[in-house]
Amino acid sequence: MKKEEINIYVDADSCPVKQEVYRVAVRYRVNVILVSNSRMRLPDNLSARLIIVDGGLDAADDWIAEHATDRDIVVTADIPLASRCLKKEAKVIGPKGVPFTEEAIGDALATRELMNHLRDLGEIGGGPAPFEKRDRSRFLHKLDEVVQSMLREKPPAKKKN
């Protein structure tokens, strides 16, 4: 993959919007890189790679953070990974279609820490709200919007014949 091309990195192990990523990737002819701890099937109709990482819980996150650039989009629900990718100027979108931004990532990290602390104390239980159909739709719309914006901002270099 050439650096001027847009890549969509997917924190793939528990990503509920892989099919939506594939739809947008086919529409705009962008690359998809799924990073996972295990094998998964890739669609035949797009430029996609599967990177299988060995190691601990954060191995996929570390790989994505190391490779993401300002020409890339990262799809993840992981707030610390989102923060790391924003520092590299990548665009970051959560699976519910909410973009992570430099302005809001500090609050998101603080809220995450607070919620973890309250769970550890037994004050609250459970996790995030269930994933719904409207989340899928919001994600698809936001990813499409971000790809279009990036293509307008930095169109890929024309291929030489």
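Tutor: Helices (H or I, at least four residues) and strands (E, at least two) are DSSP runs, numbered from the N terminus. This is a predicted model, in which local features need pLDDT of at least 70 and side-chain atom pairs count only at pLDDT 80 or more, whereas totals for chains, interfaces and linings use all residues. Residues are numbered from 1 along each chain as its sequence is written, and side-chain values use heavy atoms, with hydrogens and water left out.

H3 covers residues 79-87, and after its end comes glutamate 89, which has a positive phi near 70 degrees. At the other end, a side-chain oxygen of aspartate 78 comes within 2.7 Å of the backbone nitrogen of leucine 81. This is a polar contact (a pair of N or O atoms within 3.5 Å; within protein, one able to donate a hydrogen and the other to accept it, with residues adjacent in sequence counted only if both atoms are side-chain atoms). Aspartate 78 also takes part through its backbone: its nitrogen is 2.9 Å from a polar side-chain atom of threonine 76.

Threonine 76 sits in the loop that connects S4 with H3. Its relative accessibility is 2%, so it is classed as buried (under 20% relative accessible area; exposed is over 50% and partly exposed lies in between, with a 1.4 Å probe and protein chains only). Setting aside residues up to four places away in sequence, threonine 76 touches Asp11, Leu81, Ala82, Val92, Ile93, Gly94, Pro95 and Phe100, where contact means heavy atoms within 4.5 Å. Leu81 and Ala82 in that set are also among the buried residues of H3, which are Ile79, Leu81, Ala82, Ser83, Cys85 and Leu86. For Cys85 the relative accessible area is 0%, and the residue is therefore buried. H3 in turn is included in what covers the buried residues of helix H2 (residues 59-67), along with S1, S2, S3 and S4. Those buried residues of H2 are Ala59, Ala60, Asp61, Trp63, Ile64 and Ala65.

All five of the five residues of S1 (residues 7-11) are buried, so the strand is largely enclosed by the rest of the structure. Asn7, Tyr9 and Asp11 point one way from S1, and Ile8 and Val10 point the other way. In a regular strand the side chains alternate between the two faces of the sheet. S1 runs parallel to strand S4 (residues 72-75), with four bridges between them, and valine 10 stands opposite valine 75 there. S1 is also parallel to strand S2 (residues 31-36), to which it is joined by five bridges. Here aspartate 11 has valine 35 as its bridge partner. Between S1 and S2 the chain passes through helix H1 (residues 18-28) in a right-handed β-α-β crossover, meaning that, with the strands pointing away from the viewer, the path from the first strand over the helix to the second runs clockwise.

The sheet that holds these strands is open and mixed, with six strands in the order S3-S2-S1-S4-S5-S6; two strands pair if DSSP finds at least two bridges between them. Strands S3 (48-52) and S6 (99-100) are at the edges with a single partner strand each, so one side of each lacks a neighbour in the sheet. S6 pairs with strand S5 (residues 91-93) in the antiparallel sense over two bridges, one feature of which is that valine 92 has phenylalanine 100 as its bridge partner.

Lysine 142 belongs to helix H5 (residues 133-153). Its relative accessible area is 19%, so lysine 142 counts as buried. Valine 98 is 44 residues from lysine 142 in sequence, yet their C-alpha atoms are 7.6 Å apart.

For the chain as a whole, there are five helices and six strands, in the sequence pattern β-α-β-β-α-β-α-β-β-α-α. Of its 161 residues, 39% are buried. Among contacts with a separation of 6 or more, 52% are between residues 24 or more positions apart.
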